[in-house]
Amino acid sequence: MFEPVDHNKNESTPPRHPFIEKAVLVLVLLSLGTLAYGGHRVGWKVSKFSALWSQTSEKEDWCDLHHVPESVCIECDPKLVPKAKEFGWCAKHGVAECPLCHPETTSVPVKDLEKITLRAELGLKSQERSANNPICKSHQRRIQFASLEEIEKAGISVEAAWTAPMIEFLSAPAEIIFDQTKVAHLAARSSGTVWKVMKHLGEKVKAGEILALVDSMEVGKAKSDLLQMVALSQLRTLTLGRLRAAGQATPFATLEEAESSLRESTIKLNAARQTLVNLGLPMDNINMQGITTEMLESKLHFLGIPENIAVKLDPTKTTRNLLPLVSPIDGIIVSREVVAGEVVDASKILFEVVDNEHKWMTLDVKSEDARFLNLGQKVLFQENQSIKDIACNLSWVSTQADLKTRTVKARANLNDEGGKMRANTFGTGKIILREEPQSLCVPKESVHWEGCCNVVFVRDANFLNPDAPKFFSVRKVRIGIRDDNQVEILAGLLPGELVVKQGSGLLLSELLKGSLGEGCACHSKK
């Protein structure tokens, strides 16, 4: 009979053999090594994990550098799409593989090449342009995509380069002011009391019209002096005549004294007459020869006052001291600082009359831009919040910079027919440097600065061929005029070539990434 087994009985565990432990450790290490080797072979991709156990694995058909199948990568295997003949750097136009000098490098038929070249050269000479680095080799790159589907996913679109009118200009703060040669600040020529105001603020006046009459004692005194000198001169003239008629009976000394007295009175008469002229009173129409003092007094009473006003004045009740304040120009009264009865003197401005149809546009041009200014240049003025440009021509450029702002003053004359513009208006002046009716243009999104050059990406001419690789060439360009929507291309491109518009930033990133991987494109070996 068998004895029952007691499972609760404590028995000691037999000791493990050292050889078995070492064998297990080696087996684990070998497994981990095999896994690491296989992972390294396939780039740690699970889908390729089966290749670990294959004695002969297929080479993966993918170019990590250019992101296309390696079997069709035109950068790794240039024989797939041989590059065109290289012509090198064009120093004249500042681009590599210049389409203007070598039109065979372009992807479109060339028309009117002479006109395009002439336009480009004029644009390059008109002022300093952004230059490209002649040793840069980025134009040799071609950005390739695996398929049309990849291009669509990237959101890439192209647009043909076109021609359009563009204007190159300098912008400067501008202000409209009155033409300072046609502004009259009027004051009375003698102190006195304002007797009557004839014109008022905002009224139009003609040259010679009276604005106000001033009662001036100096005027009355000058008229009295003239009357006295006329009477004295007439008396001495008569006396001299009588002495000369007496012949030898008149002593020589007496005759000589009479002649001297007449000369003295004539001098004083001319001085009195000149005093009235200095006060602005007209004396041209008064003939002093043979006029009686009564006639002269009548003429002097309302001297300088137009007849249509004088006839309304009573000579017996109106003072002889009236001094008219006359407008010297045709214009409009923009300031009136006087009322009847006010005491005035020659230092106080009573009226300001301006020719409202002639104005100046003054500009504050940056000192570094002043070298582009020339007299006669067309200038467009745009008032703030206005959409209409007003054209004029540059008439003056200062020979010095402002001490505070360091800007250079310039001026253009404006003919404001009808006086529609308001003086002291601020806006922007556009000084036209170049007007090009047929500029070669591309979208502003198409042009990029890649560190040392301006580039665009041009679609390959065989792009639509189903069997052709899908790639874009890097093209160096020289740029001219820019605006909000487009950029003028002076050199490096021809009309009709297809450039990348939307998604061009993606191609730029690929270009720069390639330059970083291979070393700077500007210093890569030829």
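Mentor: Helices and strands here are DSSP runs numbered from the N terminus, a helix (H or I) having at least four residues and a strand (E) at least two. By that rule the chain has eight helices and 24 strands. The model is predicted, with local features needing a pLDDT of at least 70 and side-chain atom pairs counting only at pLDDT 80 or more, while totals for chains, interfaces and linings use all residues. Residues are numbered from 1 along each chain as its sequence is written, and side-chain values use heavy atoms, with hydrogens and water left out.

Trainee: Why is Leu 300 called buried?

Mentor: Buried means under 20% relative accessible area, exposed means over 50%, and partly exposed lies in between (1.4 Å probe, protein chains only). Leu 300 has 2% relative accessibility, and therefore it counts as buried. This residue lies in helix H6, residues 293-301.

Trainee: What makes up the surroundings of Leu 300, leaving aside its neighbours within four places in sequence?

Mentor: Leu 300 is in contact with Lys 223, Leu 226, Leu 227, Leu 276, Met 283 and Ile 286. For the chain as a whole, residues 24 or more positions apart account for 71% of the contacts with a separation of 6 or more.

Trainee: Which residues of H5 are buried, and what covers them?

Mentor: Ala 258, Leu 262, Ser 265, Leu 269, Ala 272 and Leu 276 are buried in H5, and their cover includes helix H4 (217-245) and H6. An α-helix has 3.6 residues a turn, so residues three or four places apart point the same way. After H5 comes Gly 280, whose phi is positive, near 90 degrees.

Trainee: Why does Ser 327 count as buried, and where is it found?

Mentor: Its relative accessibility is 1%, and so Ser 327 counts as buried. Ser 327 is found in the loop between strand E10 (322-326) and strand E11 (331-336). Among its contacts beyond four places in sequence are Leu 186, Val 205, Gly 208 and Val 353.

Trainee: What makes Glu 97 worth a look in its phi?

Mentor: Glu 97 has a positive phi of about 50 degrees although it is not a glycine. Glu 97 sits in the loop between strand E2 (95-96) and H2, and because its relative accessibility is 14%, it counts as buried.

Trainee: How many residues line the largest pocket, and which strand gives the most to that lining?

Mentor: A pocket is an open set of points on a 1 Å grid over the protein atoms alone, with protein on both sides within 12 Å along at least five of seven lines, and lining residues have an atom within 4 Å of a point. About 590 Å³ of space lies in the largest pocket. Its lining has 26 residues, of which Lys 83, Ala 84, Thr 105, Arg 142 and Ser 473 are the closest to the centre. Strand E20 (454-459) and strand E21 (470-476) each supply at least two residues of the lining, and E21 gives the most, with five.

Technical notes
Contact means heavy atoms within 4.5 Å. On a 1 Å grid over the protein atoms alone, a cavity is a set of points where a 1.4 Å probe fits but cannot get out, and a pocket is an open set with protein on both sides within 12 Å along at least five of seven lines; lining residues have an atom within 4 Å of a point. Grid points are joined across faces, edges and corners, and a volume is the space filled by probe spheres set on the points.
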